[in-house]
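Please consult the sequence and the three-dimensional view while reading.

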Amino acid sequence: MAARPPAAVSPADAAPPERARPARPQHIAVIMDGNGRWARRRGLPRLAGHRAGTEALRRVIEACVEFEVPILTIYAFSTENWKRPPHEVRGLMFLLEEVIERQLDALDQNGVQIRHIGWLDHVPDNLRRAIARAIERTAKNERLVLNVAFNYGSRHEIVRAVRRIVADAVPPEEIDEALIERYLETAGLPDPDLIIRTSGEMRLSNFLLWQAAYAEIYATPTLWPDFGRDELRRALDSYAERERRYGGRLDEAGGDVGEGTAVGVGQSG
Ligand code: FPP
C-alpha cells in the first residue's frame, strides 16, 4: 500500500458502528434494473419496460407499508442516464410526472412521505413543479418515506458536499463523518441497511457510495418489472438471516459462525 499521510481520523471516527442490526431493515435502497431487457424479451420498446417498472414500484411501495419498512430509496434516474437516447430520457421524465399525477392521492392517503435526492436544474419545469407539489403535500406523512433519487449520482453528491464545506470555511479539525453526512443529499436519513439490485448485475453504479458503507446487498436475477411483494419478502428474510449469524458471532466470541457469513450476497429465483 502507498505511504499515507498521518491519519487525521480518530479511532472512534474510523470504527464501524457497533450495533446489532434489527431483524427488519429501517432503510431499503433499490437499484431498479432490467426494464430494457424485460421489454426486449417481449419485443416491446424500452419505454414499455420502464412503464412496467412503475407497476413494480407501486407493488414494492405497498409491500414496504405492509412489512413496516419505514424508508425506501429508489434509484429512478442517475446523472449518467442523460447519456441515453433523448426520447428515452424524455420518456423517463414523463413517466415520473405521470406517476406523481396518478398516484399522489393514493400515496398521500397511505401515509407516504415523498422526498427527493439529486438536482433538478436540467429537469423540465412541469416535472420540477410536480416533484415540489408531491414533496409539499406529503411532508407530514409518517408511515413510509419514499426517497426518490432522480438525477442523482453519488460522486457528484460528494463533490458538491466538499465544495460546500470549503465554501463554509469549516476548519479541518471540525470535519468528521457526522459533518460530511450533514452535507450529503441524504442528510437526516439513516444509512440504508439493505440495498437491492435487480437483473443480476452486481454493481452500485454510483448509488449512495458513502451511505452504503455497511449495507447488506441483495442481488437477484429477477428483472425489475417482475419484482414484487414476494421477492421483497425473500430479500427481507435474507437480511434477517444474515443478522442472526452476525448476532451469533457477536455473542459467541471465538465460536463457530458457520459457513457463509453475513457478507454473502443473497440470491433468489
Ligand atoms: C434501469 O433499467 C432502469 C432505469 C434507468 C429507470 C428506472 C425507472 C423505473 C423503474 C420506472 C419508474 C420511473 C420513474 C422515473 C419513477 P434499464 O433500462 O437499464 O434496463 P436494462 O439494463 O435491461 O437495459
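## The surroundings of F150

F150 touches A76, F77, L96, H116 and G118, leaving aside residues up to four places away in sequence; two residues are in contact if their C-beta atoms, placed from the backbone, lie within 7 Å. F150 lies in strand β4, which covers residues 144-152. Helices (H or I, at least four residues) and strands (E, at least two) are DSSP runs, numbered from the N terminus.

With 21 other C-beta atoms within 10 Å, F150 is buried. A residue is buried if 20 or more other C-beta atoms lie within 10 Å of its own, exposed if 12 or fewer, and partly exposed in between, with C-beta atoms placed from the backbone. F150 and I74 are 76 residues apart along the chain, and their C-alpha atoms are separated by 8.5 Å.

## Basis of the model

This is a predicted model, in which local features need pLDDT of at least 70 and side-chain atom pairs count only at pLDDT 80 or more, while totals for chains, interfaces and linings use all residues. Residues are numbered from 1 along each chain as its sequence is written.

## Overall architecture

The protein chain contains eight helices and six strands. Along the sequence, these elements follow the pattern α-β-α-α-β-α-β-α-β-α-α-β-β-α.

Of the 269 residues of the protein chain, 32% count as buried. Among contacts between residues at least 6 apart in sequence, 75% join residues at least 24 apart.

## The shell around the ligand

There are 19 residues around the ligand, of which N35, G36, R37, G53 and L96 come nearest. A residue is near a molecule or strand if its C-beta atom, placed from the backbone, lies within 6 Å of it. At least two residues of the shell are supplied by each of α2 (35-41), α3, β2 (71-78) and α4.

By class, the shell has nine nonpolar, eight polar and two charged residues. Here Ala, Val, Leu, Ile, Met, Phe, Trp, Tyr, Cys and Pro count as nonpolar, Asp, Glu, Lys and Arg as charged, and the others, Gly among them, as polar.

## Packing of α3 with α4

Two packed helices are described by the angle between their axes and the distance between the axes. Helix α3 (residues 46-66) packs with helix α4 (residues 86-109) at an angle of about 30°, and their axes are 10 Å apart. α3 is therefore roughly parallel to α4. Axes are lines fitted to C-alpha atoms, for helices over the stretch in contact, and angles run from 0 to 180 degrees between N-to-C directions. Angles under 35 degrees count as roughly parallel, over 145 as roughly antiparallel, 65 to 115 as roughly perpendicular and the rest as oblique.

The crossing of α3 and α4 is right-handed. A crossing is left-handed if the near helix is turned anticlockwise from the far one by less than a right angle, and right-handed if clockwise. On the α3 side, R46, L47, H50, R51, T54 and R58 meet E88, G91, L92, L95, V99 and Q103 of α4. The contact of α3 with α4 has four nonpolar, four polar and four charged residues.

## Packing of α4 with α5

Helix α5 (residues 125-138) packs with α4 at an angle of about 20°, with the axes 9 Å apart. α4 and α5 are therefore roughly parallel to each other, and their crossing is left-handed. From α4, the contact draws on M93, L96, E97, I100, E101, L104, L107 and D108, and from α5 on N126, L127, A130, I131, A134, R137 and T138. These residues divide into nine nonpolar, two polar and four charged.

R133 is also placed in helix α5. R133 counts as partly exposed, with 14 C-beta neighbours inside 10 Å. The C-alpha atoms of R133 and L104 are separated by 9.4 Å, and the two residues are 29 apart along the chain.

## Residues in loops

W82 is placed in the loop between β2 and α4. With 11 other C-beta atoms within 10 Å, W82 is exposed. Its C-alpha atom is separated by 8.5 Å from that of N151, 69 residues apart along the chain.

Most residues other than glycine have a negative phi. A169, although not a glycine, has a positive phi of about 55°. A169 is in the loop between α6 (154-167) and α7 (177-183) and counts as exposed, with 6 C-beta neighbours inside 10 Å. N206 also has a positive phi, near 65°. N206 is found in the loop between β5 (194-197) and β6 (216-219), and with 16 C-beta neighbours inside 10 Å it counts as partly exposed.
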